[in-house]
Structures are given as structure tokens and as C-alpha cells.
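Please keep the sequence and the structure at hand while reading.

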Amino acid sequence: VQTVTTWTAGGSLVAAAVLAALLAHGTVAARQQATTDQLGTPDNPPAVSDTGGADIGSGGS
Amino acid sequence: MTVVATGFPALGSTASVLVTEPALAADAERLLRADVAALDEACSRFRPDSELSRLHANADTEVTVGPLLADAIGVALRAARLSGGLVDPTVGTAVIGLGYDRDLAELTDDPMPPARPRPAPGWQRVAFDPVRRRVRLPGTVRLDLGATAKAMAADRSAARIATALGCGVLVGLGGDIGTAGAAPEGGWRIGVGDDHRLAADEPDVVVTLGSGGLATSSTTCRTWRRAGRTVHHIVDPRTGGVAEPVWRTVSVAAASCVDANTASTAAIVLGRSAPDWLRRAGLPARLVGRDVVTVGGWPR
């Protein structure tokens, strides 16, 4: 009985450690997902050029 | 700060690189040429010797692919996920069915009507392990990475060239623009229009961009004729047919060219609800249909 109790206690500790690691990993993964799983907005929106000319064109290709 | 531009034909379109150090323009072009060649070798669906063609030839088999193709597939699948499937790389068969089965320059008028459209198989059917670079395509799936691979290359080349040369760099591949390094004073000046070849000299509007990317998708370029009708290359994955003609041209600015391209392509496919979708995403955009609509802080 003592062996079983010891094993159970040890197993619980291991299970708790694994669960904690999984939760920590999940939290990190969720945080990473939150930052990368969306289309990134620009630091600043484009502005109207007041000089007129363009260096390059963006259009269909 | 003087901006110098060089360019060359590539990928059925135009490749351009702008640098803020005139003396480095030739080096920048050499680096861009190498990047474009590598992209073509990895991702072209027209070259029988491309890595993508070899992947298609090994359908239903798990294949290890090179780093560049793996990254392009990863970027395409991310775009599909973030756009809710509006930008889906599994439209390859649908695009071929519309007649776009070879380099655009080789397409001729075809009196035969396009094949009956069928929805794309769906990006979820691509089994992909990005760590091991293992890919398995079902036999019914053909990838068209064109929507996002060029944009990915614009981002990466700009970053690589800026790091190598230590100056501000803008790379334009077709209408897809990526930037890196310090922008010139006042920002990069970008002419926006239906056709990128004309947009620099005859722009609808000129905007400045300090960082990130800008992409324009349009149904007016990359067109061909089937059965007397003009067909374009932007496919709605939900139907397998061309996107409904609500917006002819959509330009989007984002943190990267890939994200801008994902949003501009999705907006063409999405049609009427595109302005609200772009607003919710917080992306500055200009949509041209019967009217011009701007959202998300795009200058009026």
C-alpha cells in the first residue's frame, strides 16, 4: 500500500509539473498567436505627397 | 537624400529597387536579381523544373521542400487563415481552368469557354510541417502562390538589401512594395493606379510611405480572353470563378507587403463588404469601383 501511495504521490507531482508546463506553454503560444495571427497595421498610414512626382508605381501587374 | 531606382522585367511583371544611396544602386539590383531568380526557381507554376512543379508531380506523397518554398507555402497558408479563406493558394486548378496555364505573355485569345468553375479544395487540405519543411498535397490540389509569394519576396529582398548595403531600400515586384531601412526624408513616394507600369508617371494619387508595405490588386491587368470575354486572374476560392466586379483596383498599406497583399486580394474577392472588413482590420486602403472609397486613414 505504501508503495502505491508513494507512486501515486510521485505521479501527482509529475502530472502537476507537466500540467503547469503545458499551461505555461499554452499561455506563451496564445500570446504569440495574438501578436502574429492578424494582419499587421502600418506604423503610420500613407500620407498625400505634396511634391507631386512618384518614385515608383503601385498598381495591378 | 537622393532616391535612385533601377528595374528589370521579372516574374511576368517588373522588378524594381530604390535605394537612398545612389552609389549602391547597382549592388542593390544585383541582389534583387538573385532573389527574384531564386523565387522563380522555387515557386513558379509555369516552369517544369521549379520546386513547386516537382511538388505537384509528387502529389499524395510527403515531400521535403527547400527553405524558400517552405516559407512561401507557410506565408500563403497564413494569408488563407487570416483572410478566412478569401486568399487561398489551392486555387491553382481553378486558375488553370480559366485559361491561365502558362506565362501571361504566352496567352492568346481562346475561343473555348473556360471550364465550369468549381470551388477551391481549400487550404486546410495542405498538410504542412514548417519545422521539418514537409508538405503533402492531395492529388486534387494545385497551388498558386502568386498572390503572396511576390509580396513575401518584396519584404525579404528589401530587408536583405538594406542589411547588406546599409541604406534605405524599397523593392517593388509588380504592384507589391516592401521597404526596409531608413526611408528618404518625407517617405517613399508611391504613385497609385490601376496599372503599376503607368502608376509612377500617370498616378491617380501619389502617397508617401515611411515603412512597411503597400500592395495593389487589380482586375484590369493580367487579363486574357476566353470565348470572347475578358478574364482576370483574381479567383474567388469559394466559387472557383473570377471575383465579382465590385472593385477593379484595391490598394492597401500594412506593416508588411505580405499583409498588404493579403488584404488587397481579399478585398477584391470580398466585394461589397470589403470596406467594412478593411476598417475592422485597421488597414488604410483605397478601393476603386464606380466610386473611390478610402478607409482606415488612407488620405482622401
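## The contact between the chains

In this predicted model, the contact draws 51 residues from chain B and 24 residues from chain A. The two chains bury about 2900 Å² between them, and 56% of that area lies on carbon and sulfur atoms. Within chain B, the residues that lose the most area to chain A are Arg189(B), Val206(B) and Thr208(B), which together account for 22% of what that side buries.

## Polar and charged pairs

Between chain B and chain A there are two salt bridges, and one pairing of this kind joins Asp55(A) to Arg189(B), with the closest N and O atoms 3.0 Å apart. The count of residue pairs in polar contact between these chains is 15.

Strand E8 of chain B, residues 188–195, provides the largest share of the side that touches chain A, namely eight residues. Sorted by class, that side of chain B holds 26 nonpolar, 16 polar and nine charged residues.

## The nonpolar cores

The largest nonpolar core has 48 residues, and those touching the most other members are Leu55(B), Leu143(B), Leu145(B), Ile161(B), Val169(B) and Val171(B). Several elements of chain B each supply at least two residues of this core, among them strands E1, E2 and E6 and helices H1 and H7, while H5(B) gives the most, with nine residues.

Not counting residues up to four places away in sequence, Leu55(B) touches Val63(B), Val65(B), Leu69(B), Ile73(B), Val135(B), Leu137(B) and Leu143(B). A second, separate core of 27 residues includes Leu39(A) together with Leu270(B), Ala274(B) and Ala285(B).

Conventions
Residues are numbered from 1 along each chain as its sequence is written. Chains are lettered from A and ligands numbered from 1 in the order in which they are written. This is a predicted model: local features need pLDDT of at least 70, side-chain atom pairs count only at pLDDT 80 or more; totals for chains, interfaces and linings use all residues. Side-chain values use heavy atoms; hydrogens and water are left out. A nonpolar core is a set of buried Ala, Val, Leu, Ile, Met, Phe, Trp, Tyr and Cys residues joined through side-chain atoms within 4.5 Å. Buried means under 20% relative accessible area, exposed over 50%, partly exposed in between (1.4 Å probe, protein chains only). Helices (H or I, at least four residues) and strands (E, at least two) are DSSP runs, numbered from the N terminus. Contact means heavy atoms within 4.5 Å. Buried area is the accessible area (1.4 Å probe) that two parts lose on being put together, summed over both. A salt bridge is a side-chain nitrogen of Lys or Arg within 4 Å of a carboxyl oxygen of Asp or Glu. A polar contact is a pair of N or O atoms within 3.5 Å; within protein, one must be able to donate a hydrogen and the other to accept it, and residues adjacent in sequence count only if both atoms are side-chain atoms. Ala, Val, Leu, Ile, Met, Phe, Trp, Tyr, Cys and Pro count as nonpolar, Asp, Glu, Lys and Arg as charged, and the others, Gly among them, as polar.
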